[in-house]
Amino acid sequence: MQTPTAAGPEAGSPWPAPVAAAPVRGSVSLPGSKSMTARALVLAAISDGPSTIHGPLHARDTELMTSGLRALGCYVSTMDDEQWLVRPRPLTGPAHIDVGLAGTVMRFLPPVAGLATGDVTFDGDARARLRPLRPLIDALRTAGVEVAAGPHGGLPVTVQGRGSVEGGELTLDASASSQLVSGLLLAAPRYRQGVVVRHVGPALPSRPHLRMTVEMLRAAGAGVDDRKPDVWTVAPGRLPGRAWEIEPDLSGAAPFLAAALVTGGEVTVEGWPHTTTQPGDQLRDLLTRFGATCTLDQRGLTVRGSGEIRGIEADLSDVSELTPVIAAVCALADQPSRLWGVAHIRGHETDRIAALSRELLRLGGSVTEEPDGLTITPRPLHGADFETYDDHRLAHAAAVIGLAVPGVRLTDASCTAKTLPDFPQRWAAMVASSGAPGGAG
C-alpha cells in the first residue's frame with residue numbers, strides 16, 4: 001500500500017486517504033483561481049499591449065492554456081511563479097492545441113483561433129471528445145469562422161483562421177456549460193462587429209462564472225452590456241493590456257474547509273476576498289447550513305465544525321463544481337440531503353452524478369440518482385477503493401470521506417494536478433499536523 005510522500009502518489013497508483021484521528025486544525029494558503037487565470041490569459045493575448053498576471057494558478061489546466069497561446073504565437077513567460085508576463089503577437093497557424101480535459105481551453109481558445117492566420121487544430125484526452133462543444137462550433141460558423149468538427153460535433157476540431165472574424169448576432173443553447181458563452185465573449189472585442197450573444201434553452205448553469213467573464217472584460221477595457229436576461233453584447237474595440245491580480249481559488253478550498261466540518265475542527269483559508277465573482281464564495285452559506293460556523297475577517301475565512309453535520313437541500317446550479325465535496329459531506333451527515341440543479345455535470349470530466357452515486361454506494365451509502373442531482377440518506381460507511389475517473393473533484397470528495405471512514409483508497413490521486421498539483425501532500429500534511437496517522441489502515 002502506497003503512503004503519501006514528499007513526491008506525492010504516482011499516476012495510476014492507489015492512494016490511502018488519511019484518517020483524522022483528531023479534529024483537523026490549521027491554515028491553508030491556496031493558489032490562484034483557475035477561472036480567473038484562464039480569463040486573464042485570454043484577455044492578455046488579444047490585447048494590444050503587455051499584461052502581467054499576479055498570483056496565477058500553476059496547474060495542468062493553466063499550463064495547457066499557456067501552451068495553447070504560445071502555439072498561436074503569443075509570448076507567455078511563466079519563469080516567475082508569482083508574476084506571469086504576456087506580450088501579444090500576431091496570431092498564426094498552423095498550430096496544434098492540446099486541450100487535455102480542460103473545458104476552459106477547449107471553449108475559450110477556438111474563438112481566439114479564428115483570429116489567427118492559418119489552420120489551428122484542437123484535440124485532447126479521450127473524455128474531452130465527449131464534452132459539449134457543438135453549440136460553440138455552430139456559433140463560430142455563424143460568426144464567419146470556418147470550422148471542421150469531429151463526428152459528434154466536438155473534438156477533434158480544426159479552426160481555419162483567416163486573420164479576422166466578422167462576429168455579429170449569435171444564438172446558442174449554452175445550458176450544457178456557461179463556458180460556451182464566455183468563450184465567445186472573451187474573444188469578441190477583436191471581432192469586427194463584436195458580438196451579441198443570445199442564450200436560448202434551459203436555464204444556464206454556473207452564472208457566477210459569466211458574471212466573472214463580464215467583469216473581467218470590463219476591467220480590460222471592453223464595452224459590455226448584459227442588462228437583458230440571457231443576452232450579452234460586447235462592442236469591438238482595442239484592449240490596452242493591464243495588470244491582473246488573481247484571487248485564491250475558492251472552489252479549491254472546498255475539501256479543506258469541509259475537513260473542519262467533518263472532524264469538528266477549525267480551518268482557515270488565507271486571503272479569502274470580501275467581494276468576489278467566484279462561485280466558490282457560496283461555500284460560506286452551504287457550510288453554515290450543514291452546521292459549521294463561518295467567520296470572514298482580514299486574515300481570511302475560518303470554518304469551525306461543531307461535531308454535528310446536518311442534512312441539507314440545495315440547488316447547486318450556480319456552484320456545480322462544488323457538488324462532489326458537498327455530496328461527500330452529505331454522506332457523513334445525520335439527516336438525509338437532496339442536491340439538484342446539476343444535470344450539466346454529467347458532461348464534465350466524467351458523469352459526476354453517476355460517478356458519485358456509484359462510489360458512495362460502493363462505500364455502503366444510500367444514494368438515489370436523479371436526472372439533475374442526488375438524494376443521499378446517511379448510513380454507516382466502510383472502506384473501499386474509490387474510483388476517481390481522472391476527475392480532480394471526485395478525488396477531493398473521496399479524501400473528505402476518508403477523514404471519517406478508515407480504509408478509503410483513491411484509485412488515482414494524481415488527477416488533482418488539474419487544479420492543485422500538490423493536493424495529496426497538502427492534504428496529508430494537514431491531517432498529520434492534527435495528530436492523524438499517515439494513511440488509512
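I began with arginine 362 and glutamate 359, whose side chains meet in a salt bridge at 2.8 Å, N to O. By salt bridge I mean a side-chain nitrogen of Lys or Arg within 4 Å of a carboxyl oxygen of Asp or Glu. The model is predicted, so I noted that local features need pLDDT of at least 70 and side-chain atom pairs count only at pLDDT 80 or more, while totals for chains, interfaces and linings use all residues. Residues are numbered from 1 along each chain as its sequence is written, and side-chain values use heavy atoms, with hydrogens and water left out.

I located both partners in helix H10 (residues 352-362), three residues apart, about one turn of the helix. Helices here are DSSP runs of H or I with at least four residues, numbered from the N terminus. I then looked up accessibility: glutamate 359 is buried, at 0% relative accessible area, whereas arginine 362 is partly exposed at 38%. The classes are buried under 20% relative accessible area, exposed over 50%, and partly exposed in between (1.4 Å probe, protein chains only).

I also recorded a network in which salt bridges with shared partners join Lys34, Asp61, Glu349, Arg352, Asp391 and Lys418. The search of the whole structure gave 22 salt bridges.

Next I examined two further pairs. Aspartate 225 pairs with arginine 227, the closest N and O atoms being 2.8 Å apart; aspartate 225 is partly exposed at 28%, and arginine 227 is exposed at 71%. Aspartate 226 and arginine 218 form a salt bridge at 3.0 Å, N to O; aspartate 226 has a relative accessible area of 32% and arginine 218 one of 38%.

I turned to the pockets. A pocket is an open set of points on a 1 Å grid over the protein atoms alone, where a 1.4 Å probe fits, with protein on both sides within 12 Å along at least five of seven lines; lining residues have an atom within 4 Å of a point. The volume is the space filled by probe spheres set on the points.

The largest pocket holds about 240 Å³. Of its 16 lining residues, the closest to the centre are Leu30, Pro31, Gly32, Gly55 and Pro56. I counted its lining as eight nonpolar, three polar and five charged, with Ala, Val, Leu, Ile, Met, Phe, Trp, Tyr, Cys and Pro as nonpolar, Asp, Glu, Lys and Arg as charged, and the others as polar.

The second largest pocket has about 170 Å³. Its lining includes Arg60, Asp61, Asp125 and Lys418, and divides into three nonpolar, one polar and six charged residues.

How values were computed: Helix = DSSP H or I, 4+ residues; strand = E, 2+ residues; numbered from the N terminus.
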